[in-house]
Amino acid sequence: MRKLYFIVASFLIFVQCKSIDKLVEQGRYDEAFELGIDKLAGKKDKETKYVKGLERAFAELNERDLDAIDAILAGPHDHLYDRVANIYINLDRRQQILKPILPLRSKDGYLAKFQFANYTQEIANAKEQSAIYDYNRAEELMVFAEKGDKSAAQRAFELYEDVSQYNPNFKDIKNRQDDAFEMGVEYFGIEFAANVPGYVREILLNDLNQLNPTRFNTFWTKYDFVDAYSEKDYDGTFVVTVDELDFGIEREVINNFNVEKKIIDGTRPVRDSLGRVVRDSLGRQITEPNHVFVDAQVKEIKREKISTLYGDVKFYSNRENYAASTNPIQVNFVFNDVAADYRGDKRALDNNILALTRKNLVAFPDQITTVRNLSDHFFREVSQKITRIRIGV
């Protein structure tokens, strides 16, 4: 523990003693600037090395950023105005961080010099140029969106969003973004078909209504049930089908067996080889545990039944006349129960058998209970399938 303490303490001292000059020499200008602000903000006696270090870090950062802007503007740059805007914003933010501690004079009298500039116009111009570029790109994508390309509409929406971040009043940006959203949203219907008896279908339909298609909605995808009166032009349809319901066979297995156990039943006197009772030195009779064997006849009754519901979820793309994806579903309702009865000596029974003799055998589930259980499991599987199916419309 003491060794760990010294390691941590040494690390903290190392961090506190970091040199701004060394950070600058290593090209770590941002770290140097942050360290300088930390060492000087709110300090009354400012050390000259920190004042000069901050002065140099600020100058180096400004030169780096302005050089980066010049490099961008020297080549094709219409698509890079967002980067230019961000660099100018960083230049301005750095000045705002520095201003509260100015004028910056060390305790030795050294006065740091910082060259400030007003980047308001540069920032506004870069944002405007970026907005123009993104707006024009979005308009190009909208040509494809109007022909039914959902992905183009979604990308156009994102570009319009970028434009509104730069200038919320740019041209007709709000209306165009609404148009892109309307063209980009994908609508999916959910249908249900069941080849099962009427009462089973009724239970399944009730659980289907509890499925609530809106739970699958995302920003770009919307779901609802398809009905006979639906006039919506869906981009794709999920068809949930129940093909078969197998109630299974009720099986009752009776297992008869004997159990035997060696137990202690009181005590008995110890006898010698001649059959005489053995006594201790005080004449008292010596006894030992009386071991006896007890047995019982056990009748164990097991009941089991496995019911199965078969179906699938098919996804139909609006571009195809066949299922683009088929996902089979099989859910089981497994019923098991066991109880027991016995004749003979109860002391021969172990704890597990004893517990079985104390319970009543549960009746086999009726068909309604079975269908409800299977339906609940089936639609949970349906929910998972719908959310996992990759939609390619």
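A pocket is an open set of points on a 1 Å grid over the protein atoms alone, with protein on both sides within 12 Å along at least five of seven lines, and its lining residues have an atom within 4 Å of a point. The close-up views below show a predicted model.

**View A. Lining of the largest pocket, to which H3, H4 and H5 each contribute at least two residues.** The volume of this pocket is about 160 Å³. Its lining consists of Asp-30, Phe-33, Glu-34, Leu-61, Arg-64, Asp-65, Ile-87, Asn-90, Arg-93, Arg-94 and Ile-97. With five residues, H5 is the largest contributor to the lining.

**View B. Salt-bridge network of Asp-30, Arg-64, Asp-65 and Arg-94.** These residues are also found in the lining of the largest pocket.

**View C. Salt bridges between Arg-155 and Glu-158 and between Lys-314 and Asp-312.** The model contains 22 salt bridges in total. Side chains of opposite charge can pair when their charged atoms come close. For Arg-155 and Glu-158, the N to O distance is 3.2 Å. Both residues lie in helix H7, three residues apart, which is about one turn of the helix. Arg-155 has a relative accessibility of 32% and counts as partly exposed, and Glu-158 is partly exposed at 39%. For Lys-314 and Asp-312, the N to O distance is 2.9 Å. Lys-314 is partly exposed, with a relative accessible area of 21%, whereas Asp-312, at 8%, is buried. The two assignments follow from the cut-off, because buried means under 20% relative accessible area.

**View D. The largest nonpolar core, comprising 30 residues.** The members that touch the most other members are Leu-204, Phe-238, Phe-378, Phe-379 and Val-382. Two or more core residues come from each of strand S1 (186–194), helix H9 (198–209), strand S3 (236–246), strand S5 (287–317), strand S6 (323–344) and helix H11 (367–388). H11 supplies the largest share, six residues. In soluble globular proteins, nonpolar side chains tend to be buried together.

**View E. Aromatic cluster of Phe-188, Phe-216, Tyr-223, Phe-238 and Phe-315, linked by ring pairs.** The model has 21 aromatic pairs. One of them joins Phe-188 and Phe-315 in a tilted arrangement, with 6.0 Å from centre to centre and 55° between the planes. This pair connects distant parts of the chain, with Phe-188 in strand S1 and Phe-315 in strand S5, 127 residues apart. Phe-188 and Phe-315 are both buried. Phe-238, another member of the cluster, is also one of the residues with the most contacts to other members of the largest nonpolar core.

**View F. Placement of Lys-52 over the face of Tyr-110.** Lys-52 lies at 4.9 Å from the ring centre of Tyr-110.

**View G. Backbone features at Pro-103, Lys-171 and Asn-212.** The peptide bond between Leu-102 and Pro-103 is cis, with an omega of about -5°. Pro-103 is located in the loop between helix H5 (81–98) and helix H6 (120–145). Lys-171, a residue other than glycine, has a positive phi near 40°. The position of Lys-171 is in the loop between helix H7 (150–166) and helix H8 (173–184), and its relative accessibility of 60% classes it as exposed. Asn-212, which is not a glycine, also has a positive phi, of about 55°. Asn-212 occupies the loop between H9 and strand S2 (221–225) and is partly exposed, with a relative accessible area of 37%.

How values were computed: Residues are numbered from 1 along each chain as its sequence is written. This is a predicted model: local features need pLDDT of at least 70, side-chain atom pairs count only at pLDDT 80 or more; totals for chains, interfaces and linings use all residues. Side-chain values use heavy atoms; hydrogens and water are left out. A nonpolar core is a set of buried Ala, Val, Leu, Ile, Met, Phe, Trp, Tyr and Cys residues joined through side-chain atoms within 4.5 Å. Buried means under 20% relative accessible area, exposed over 50%, partly exposed in between (1.4 Å probe, protein chains only). Helices (H or I, at least four residues) and strands (E, at least two) are DSSP runs, numbered from the N terminus. A salt bridge is a side-chain nitrogen of Lys or Arg within 4 Å of a carboxyl oxygen of Asp or Glu. Rings of Phe, Tyr and Trp (its six-membered ring) pair if their centres lie within 6.5 Å; planes under 30 degrees apart count as stacked, over 60 as edge-to-face and the rest as tilted. A charge sits over a ring if NZ of Lys or CZ of Arg is within 6 Å of the ring centre and within 35 degrees of the ring normal. On a 1 Å grid over the protein atoms alone, a cavity is a set of points where a 1.4 Å probe fits but cannot get out, and a pocket is an open set with protein on both sides within 12 Å along at least five of seven lines; lining residues have an atom within 4 Å of a point. Grid points are joined across faces, edges and corners, and a volume is the space filled by probe spheres set on the points.
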